[in-house]
Amino acid sequence: MIDARDLEKISLFEGLTNAERDVIASVMTRDTFPEGHVVYRETEVGCACIYIIRRGKVDVYKMNSDGERLSLAVLKAGNFFGEFSFFDHKPHSASTVVASPDTVVLSLQRPDFDRVVETHPMIGYKVLINIIQEISSVIRKMNAGYVDMTGYMFGRSKR
């Protein structure tokens with residue numbers, strides 16, 4: 001069982017009361033991974049889990065057609081990953097590998113989350129809103145990066 005205080009500063013659980021954090025913490029697990037540990041691989045169907053980094057770093061990457069590893073992000077304490085497969089039960093869209101020694105990761109499995117939502121729907125609502133906000137933020141950054149990249153590649157047109 002996780003101590004609910006471990007969830008206080010994690011954006012995924014923002015807006016939850018102490019009692020609500022106690023409920024969600026009761027169904028979560030904690031693991032410590034060594035540097036280089038692969039949490040999951042791209043295209044792998046594994047645990048429908050959301051992983052939250054408590055301490056350390058995790059590199060998210062994809063392999064290109066030449067077999068080169070392309071880093072998408074380096075996630076740090078408070079960040080979470082695995083949310084796509086958590087929701088759609090499809091293979092992972094990228095690989096994740098632990099990028100620092102003794103990285104502590106909390107995990108929330110989808111069946112456990114579903115049981116919490118059945119008895120505490122407001123917890124589910126708050127967590128889902130937080131996930132949507134995080135995904136929206138990432139997409140907005142990607143959109144801005146795409147516009148910057150195309151402007152650089154093709155020149156900016158003035159109107």
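I began with Asp114, which counts as partly exposed because its relative accessibility is 31%. The model I am reading is a predicted one. I then looked for the partner of Asp114 and found Arg110, with which Asp114 forms a salt bridge; the closest N and O atoms are 2.8 Å apart. Both residues belong to helix H3, where they stand 4 residues apart, about one turn of the helix. I recalled the geometry of the helix: an α-helix has 3.6 residues a turn, so residues three or four places apart point the same way. For Arg110 I read a relative accessibility of 19%, so Arg110 counts as buried, the cut-off being under 20%. I noted next a network in which salt bridges with shared partners join Asp6, Arg30 and Arg54.

**Entry: other salt bridges**

How many salt bridges does the count come to? I find 8 in the model. I looked up Glu20 and found a salt bridge to Lys126, with 2.8 Å between the closest N and O atoms. Glu20 sits in helix H1 and Lys126 in helix H4, so this pair ties together parts that lie 106 residues apart in sequence. Is Glu20 buried or exposed? I record Glu20 as buried, because its relative accessibility is 14%.

I turned next to Glu42 and Lys62, whose side chains meet in a salt bridge at 2.9 Å, N to O. Glu42 lies in the loop between strand S2 (38-40) and S3, while Lys62 belongs to strand S4 (residues 58-63), so the pair ties together parts 20 residues apart in sequence. Lys62 is partly exposed, at 30% relative accessibility.

**Entry: the faces of H1**

Which residues of H1 are buried? I listed Glu20, Arg21, Ile24 and Ala25. Looking down the axis of H1, I find these buried residues within an arc of 135°, so they line one face of the helix. Asn18 and Ala19 are exposed, on the other side of H1. I note that Glu20, one of the buried residues of H1, is also the residue that pairs with Lys126.

**Entry: nonpolar cores**

I looked up the largest nonpolar core and found 21 residues in it; Leu7, Leu12, Phe13, Ile24, Met28, Ile52 and Val127 have the most contacts inside this core. At least two residues of the core come from each of helix H1 (18-25), strand S3 (49-55), strand S8 (103-109), helix H3 (110-119) and helix H4 (121-154). H4 gives the largest share, 3 residues. I then recorded a second, separate core of 13 residues, among them Cys49, Tyr51, Leu75 and Val98.

What does Ile52 touch, residues up to four places away in sequence not being counted? I listed Ile10, Leu12, Phe13, Met28, Gly78, Asn79, Phe80, Val104, Val105 and Leu106.

**Entry: the disulfide**

I found 1 disulfide in the structure. Cys47 and Cys49 are the residues joined, with an S to S distance of 1.6 Å.

**Entry: Arg55**

Arg55 has its place in strand S3. I record Arg55 as partly exposed, because its relative accessible area is 47%. What does the side chain of Arg55 reach? I find the backbone oxygen of Asp102, at 3.1 Å. Neighbours within four places in sequence left aside, Arg55 is in contact with Ala77, Asp102, Thr103 and Val104. I also checked Val105, which is 50 residues from Arg55 in sequence and 7.1 Å from it in space, C-alpha to C-alpha.

**Entry: Ser100**

Where is Ser100 found? I located Ser100 in the loop between strand S7 (95-98) and S8. Ser100 is buried, since its relative accessible area is 13%. I followed the side chain of Ser100 to the backbone nitrogen of Lys57, at 2.9 Å. With residues up to four places away in sequence not counted, Ser100 touches Phe33, Pro34, Glu35, Gly56 and Lys57.

How values were computed
Residues numbered from 1 in each chain as written. Predicted model: local features only at pLDDT ≥ 70, side-chain atom pairs only at ≥ 80, totals over all residues. Heavy atoms only, no water. Core = buried A, V, L, I, M, F, W, Y, C linked by side-chain atoms within 4.5 Å. Buried < 20%, exposed > 50% of the residue type's maximum accessible area, 1.4 Å probe, protein only. Contact = heavy atoms within 4.5 Å. Polar contact = N/O pair within 3.5 Å; in protein donor to acceptor, adjacent residues only side chain to side chain. Disulfide = S-S within 2.5 Å. Arc of directions from axis to C-beta. Salt bridge = Lys/Arg side-chain N within 4 Å of Asp/Glu carboxyl O.
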